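Me: I am new to this structure and would like to learn how to read its features one at a time. Please give the general idea before each case.

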Amino acid sequence: MRKQILFYLLTVICSIQAYGQQEFRPGSLWPDQDGKHINAHGGGILYHGDTYYWFGEFKTEGKAGNKALVGVSCYSSKDLYSWKNEGIALRVENDSTSEITKGCVIERPKVIYNRKTKKFVLWFHLELKGQGYDAARTAVAVSDHPTGPYRYIQSYRPNSKTWPINFDKAWQTKAVKESDLKAHTDPWRKEVAEGLFVRRDFEKGQMSRDMTLFVDDDGKAYHIHAAEENLTLHISELSDDYLSFTGKWATLAPAGHNEAPALVKRNGKYFLITSGCTGWEPNAARSFVSNSIWGPWISLGNPARGNNAERTFESQSTFILPVHGRKDQYIFMADRWVPENAIDGRYIWLPLTFEGDKPVIKWFDQWSLKQLATP
Ligand code: DGJ
């Protein structure tokens, strides 16, 4: 009898470990409440009401699973450790004429809440089916509920026929020849920083690949995206309803070759973490600080420390999450991609701390919010 009770207790304890584990284990399989590895890659988190909503790319098995065959997933959690599958927030469409037809590429979905319209607004990087990464568009969808379903609205090449606010007048009129676009030398990088690709894409609209969203304290929202063949990041102000662009925008780290942007505001300063551009392969993260969202942005180098910092612990940034109700606590969220079996991608969540005004990310095999500084 004693043995049976002991066995029963052990089973209960083990199942609590599996479903209600109160710690993060970066790089491990992370089961949701149904016991399935969370499927929300390149994701971002919205805190709304008393709940966290995690949106991400729903990947499927194999190499083909890097394409959008299902859509954008959503999970919810009260404590950040245990996640409930809320289903597909935005579904790809079967209609072959739709921009989000099955087989397109949907990456890095992010959701923000608009207090004025009371709508949830989802933006994501969209590549049109069959065009590789050439379309370089950003797309928007909207819902009355955080978990969706989201109604697809449209995609953009942003900021057509507008110059960035940090652009010299003299740079506007220079000619662009096809041969100018390919040199990859230092003088060429200077040309890029002086708007070579901005001029090339002036009529059509600027490219938009890896992206994130950021809502400031005054409710203004910004879309930060890799543009100019991934050479330069652009930061663009969104309209009051968050559904389009106002036309106010700036270049960020010109010719710096950054992608995977993640932004957070701390003590009035803006911090940006990015990666270099090496496809699915990890590289060293970068960080930047600015007193204004419009820059100037100052480079602070690689925020990762310790063993394997030069490959960001085999991962690439996707979002920085301020932990609700815990002052000065942030989670660096990153993806450990597995491109040959996309569904097996893992999540690297680590504490983002600050040494003075410098962001720092250190590896932990396992960790919990309790370990961080007291609220
Ligand atoms: C790196 C990007 O950050 C990912 O989102 C994805 O676009 C891959 N490149 C594709 O190679």
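Reply: Begin with the polar contact, which is a pair of N or O atoms within 3.5 Å; within protein, one must be able to donate a hydrogen and the other to accept it, and residues adjacent in sequence count only if both atoms are side-chain atoms. In the side chain of glutamine 316, an N or O atom is 3.0 Å from an oxygen atom of the ligand. Taken alone, the ligand exposes 290 Å², and the protein buries 89% of that; such areas come from the Shrake-Rupley method with a 1.4 Å probe, and for residues only the protein chains shown count as cover. This is a predicted model, in which local features need pLDDT of at least 70 and side-chain atom pairs count only at pLDDT 80 or more, while totals for chains, interfaces and linings use all residues. Residues are numbered from 1 along each chain as its sequence is written, and side-chain values use heavy atoms, with hydrogens and water left out.

Me: Which residues surround the ligand?

Reply: A residue is near a molecule if one of its heavy atoms lies within 4 Å of it. Here the ligand is surrounded by Glu107, Arg108, Tyr133, Asp210, Glu259, Gly279, Trp280 and Gln316. The side chain of glutamate 107 has an N or O atom 2.7 Å from a ligand oxygen, and for a polar side-chain atom of arginine 108 the distance to an oxygen atom of the ligand is 2.9 Å.

Me: How do I read the pairing of strands?

Reply: Strands (E, at least two residues) and helices (H or I, at least four) are DSSP runs, numbered from the N terminus. Two strands pair if DSSP finds at least two bridges between them. Strand β1 (residues 41-48) pairs with β2 in the antiparallel sense over six bridges, and tyrosine 47 has tyrosine 52 in β2 as its bridge partner. The two strands form a hairpin with two residues between them, and glycine 49 in the turn has a positive phi of about 65 degrees. β2 also pairs with strand β3 (residues 71-77), again antiparallel, over seven bridges; glutamate 57 has valine 72 in β3 as its bridge partner.

Me: Why is strand β2 largely enclosed by the rest of the structure?

Reply: Buried means under 20% relative accessible area, exposed over 50%, and partly exposed in between (1.4 Å probe, protein chains only). Seven of the eight residues of β2 (residues 51-58) are buried, so the strand is largely enclosed.

Me: Is asparagine 283 buried or exposed?

Reply: Asparagine 283 is buried, at 13% relative accessible area. It lies in the loop between β14 (269-275) and β15 (286-290). Its side chain makes a polar contact of 2.7 Å with the side chain of threonine 278.

Me: What should I look for in the backbone angles?

Reply: Most residues other than glycine have a negative phi, and most peptide bonds are trans. Lysine 161, which is not a glycine, has a positive phi near 60 degrees. This lysine 161 is exposed, with a relative accessible area of 52%, and sits in the loop between β8 and α2 (186-193). Alanine 253 is not a glycine either, and has a positive phi of about 50 degrees; its loop runs between β12 (245-252) and β13 (259-266).
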